[in-house]
Amino acid sequence: MSSHEARKFVEEVRGLEKKWMLDLGHPLLNRVADSFVKAAGIGAIQAVTRDSYFMAMEGESGGTGAVSDATGSRKRTFPDLSGTSNSKSAEAMVKSVSKESFQWGLAAGMHSGLTYGLAEVRGTHDWKSSAVAGAVTGAAVALTSDNASHERVVQCAITGAALSAAANVLSDIV
């Protein structure tokens, strides 16, 4: 491979970072779809590794089928996943991973779209726009959870607003 070909290849790879694989015709749609796909993949990887960890820990201790996570909530594990005749466990894991990757994608796509839309409407991107986008995204994530309640929706909206505004303020500092 000549240096010209290598340089052309490197430029092509760098171009992929700036553009999404598919042009949906509008920057807002491109941004939402790109964020959704990337975050959904990360969410799926996170869910698979978490469930694998819980299965491994249960296997070591001869557990009961549920393991507490760092937040104190009980997470369902799949102790019979290794069995060749038990298709329900594999199906349950796939459903769990699918739901979690959808939630991650929803959060990223919604936040990215709201941030972009608010910046376009207001003419500026500041901590206020980030806080609104974070609050709406936090509420949406809470509504898609298994234990959605009024308190949980409000808590997630406040947390989302705080994290998003803080990220915006800190990105200006760095």
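In which crossing, left-handed or right-handed, does α4 pass α5? The tour comes to that pair after a look at the whole chain.

**Before selecting anything**

This is a predicted model, in which local features need pLDDT of at least 70 and side-chain atom pairs count only at pLDDT 80 or more, while totals for chains, interfaces and linings use all residues. Residues are numbered from 1 along each chain as its sequence is written, and side-chain values use heavy atoms, with hydrogens and water left out.

**The whole chain**

Show the protein as a cartoon. It has five helices and two strands, in the order α-α-β-β-α-α-α along the sequence. Helices (H or I, at least four residues) and strands (E, at least two) are DSSP runs, numbered from the N terminus. Of the 174 residues, 30% count as buried; buried means under 20% relative accessible area, exposed over 50%, and partly exposed in between (1.4 Å probe, protein chains only). Contact means heavy atoms within 4.5 Å. Among contacts between residues at least 6 apart in sequence, 51% join residues at least 24 apart.

**Stop 1: Leu-24**

Select Leu-24, in the loop between α1 (3-18) and α2. Leu-24 is partly exposed, with a relative accessible area of 39%. Leaving aside residues up to four places away in sequence, Leu-24 touches Leu-29, Asn-30 and Ala-33.

**Stop 2: the aromatic pair**

Select Phe-36 and Phe-102. The structure holds one aromatic pair, and these two rings form it, with centres 6.2 Å apart and planes at 65°, so the pair is edge-to-face. Rings of Phe, Tyr and Trp (its six-membered ring) pair if their centres lie within 6.5 Å; planes under 30 degrees apart count as stacked, over 60 as edge-to-face and the rest as tilted. Phe-36 lies in helix α2 (residues 27-61) and Phe-102 in helix α3 (residues 87-122), so the pair ties together parts that are 66 residues apart in sequence. Phe-36 is partly exposed at 30% relative accessibility, and Phe-102 is partly exposed at 44%.

**Stop 3**

Lys-38 lies in helix α2 and is partly exposed, at 49% relative accessibility. Asp-51 and Met-93 are 42 residues apart in sequence and 7.9 Å apart in space, C-alpha to C-alpha.

**Stop 4: α4 and α5**

Select residues 127-143 (α4) and 150-173 (α5), which pack at an angle of about 145° with their axes 6 Å apart. Axes are lines fitted to C-alpha atoms, for helices over the stretch in contact, and angles run from 0 to 180 degrees between N-to-C directions. The crossing of α4 past α5 is right-handed; that word applies if the near helix is turned clockwise from the far one by less than a right angle, and left-handed if anticlockwise.

Show side chains at the contact, including Trp-127, Gly-134 and Leu-143 of α4 and Arg-152, Gly-160 and Val-169 of α5. By class, the contact has 12 nonpolar, six polar and one charged residues. Ala, Val, Leu, Ile, Met, Phe, Trp, Tyr, Cys and Pro count as nonpolar, Asp, Glu, Lys and Arg as charged, and the others, Gly among them, as polar.

Colour by burial to finish. The buried residues of α4 include Ser-129, Thr-137 and Ala-140; those of α5 include Cys-156, Ser-164 and Asn-168.
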